[in-house]
Amino acid sequence: MKIDTLIFDLGGVLMQHNIQGSVDAFLTLMGEEAMQTILGLRTDGEGQTGTLMEKYEKGDITTKYFIDTILKHSRPGTTPQEIRSAWITMHAGIPQQRIDYLKQLKQNGFRMYLLSNNNELHWRDVLSTYPLAEIFDGMFASHELHCCKPDKKIFCEVTKIIKSDPQATIFIDDLEANRRIAEQTIGWRTCASIEELKGLL
């Protein structure tokens with residue numbers, strides 16, 4: 001199989017996470033009950049279905065709504081910047097060795113796309129921290145992948161990639177549900193990690 005297009009998941013594969021740091025920050029701002037029932041973040045770092053956190057991760061609500069809602073349930077004096085910082089803490093950064101590997105792939109002529117959640121704190125605050133624009137040919141949102149069904153045409157970057165060369169695409173994502181959609185619905189070949197990808201190249 002020809003491989004010339006790579007798609008990397010920002011959260012699941014590329015980034016390191018500081019989940020406990022984010023949990024601790026939100027505990028300080030909101031307290032445990034509000035953090036779990038309103039935000040939907042448990043003390044073990046897991047998210048809960050149907051809560052603010054899940055809606056924001058999917059891009060169903062705006063950043064303003066996300067921050068304003070948490071403000072209403074936080075300790076007096078909490079600022080929007082504190083909430084932004086608590087959320088960004090969860091996404092601790094991309095190790096330099098992974099950035100170096102991406103640059104190497106780019107130099108080898110691969111087309112590379114980045115998958116991320118469709119919310120502003122990912123796109124603007126997290127992505128701008130790293131020199132990713134010079135590495136990736138484009139970005140698209142993971143909730144668009146989740147919405148992919150055989151009978152539903154998706155008007156987004158995903159569609160363009162599928163049309164360009166579906167058999168030459170490897171989708172990188174360590175979430176089993178995403179990989180199942182990519183393989184069964186779209187027909188992409190997937191890898192669970194960068195290490196697995198290295199073995200194929």
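**Helix packing, burial and cores**

Author: Helices α5 and α6 are roughly perpendicular to each other, a word kept for angles of 65 to 115 degrees (under 35 is roughly parallel, over 145 roughly antiparallel, and the rest oblique). The model is a predicted one, in which local features need pLDDT of at least 70 and side-chain atom pairs count only at pLDDT 80 or more, while totals for chains, interfaces and linings use all residues. Residues are numbered from 1 along each chain as its sequence is written, and side-chain values use heavy atoms, without hydrogens and water.

Reader: At what angle do α5 and α6 pack, and how far apart are their axes?

Author: Two packed helices are described by the angle between their axes and by the distance between those axes. Here α5 and α6 pack at about 110 degrees, with axes 10 Å apart. Axes are lines fitted to C-alpha atoms, for helices over the stretch in contact, and angles run from 0 to 180 degrees between N-to-C directions.

Reader: Which residues of α5 meet α6?

Author: From α5 come Thr 63, Phe 66, Ile 67, Ile 70 and Leu 71, and they meet Pro 80, Ile 83, Arg 84 and Trp 87 of α6; contact means heavy atoms within 4.5 Å. By class, this contact has seven nonpolar residues, one polar and one charged. (Ala, Val, Leu, Ile, Met, Phe, Trp, Tyr, Cys and Pro count as nonpolar, Asp, Glu, Lys and Arg as charged, and the others, Gly among them, as polar.)

Reader: Which residues of α5 are buried?

Author: An α-helix has 3.6 residues a turn, so residues three or four places apart point the same way. In α5 (residues 63-72), Thr 63, Phe 66, Ile 67, Thr 69 and Ile 70 are buried. They cover an arc of only 160 degrees around the axis, which puts them on the same side of α5; the arc is that of the directions from the helix axis to the C-beta atoms. Lys 64 and Lys 72, on the other side of α5, are exposed. Buried means under 20% relative accessible area, exposed over 50%, and partly exposed in between (1.4 Å probe, protein chains only).

Helix α6 (residues 80-89) has Ile 83, Arg 84, Ala 86 and Trp 87 buried. Their arc is likewise only 160 degrees, which places them on the same side of α6.

Reader: How do α2 and α3 cross?

Author: The axes of α2 (residues 19-30) and α3 (residues 32-39) come within 7 Å and cross at roughly 105 degrees. That makes α2 roughly perpendicular to α3. Val 23, Phe 26, Leu 27 and Met 30 of α2 meet Glu 32, Ala 34, Met 35, Ile 38 and Leu 39 of α3. This contact has eight nonpolar, no polar and one charged residues.

Reader: How many residues are in the largest nonpolar core?

Author: In soluble globular proteins, nonpolar side chains tend to be buried together. The largest nonpolar core here has 23 residues, a core being a set of buried Ala, Val, Leu, Ile, Met, Phe, Trp, Tyr and Cys residues joined through side-chain atoms within 4.5 Å. Helix α7 (96-107) is among the elements that give two or more residues to this core, and α7 gives the most, with four. Another core lies apart from it, with 19 residues, among them Leu 39, Leu 41, Ile 70 and Met 90.

Reader: Is a residue in a loop buried or exposed, for instance Trp 188?

Author: Trp 188 lies in the loop between α11 (176-186) and β7 (189-191), yet Trp 188 is buried, at 2% relative accessible area. Gly 50, in the loop between α3 and α4 (52-57), is partly exposed at 46%.

Reader: How many helices and strands are there in the protein?

Author: There are 12 helices and seven strands; helices (H or I, at least four residues) and strands (E, at least two) are DSSP runs, numbered from the N terminus. Of the 201 residues, 46% count as buried.
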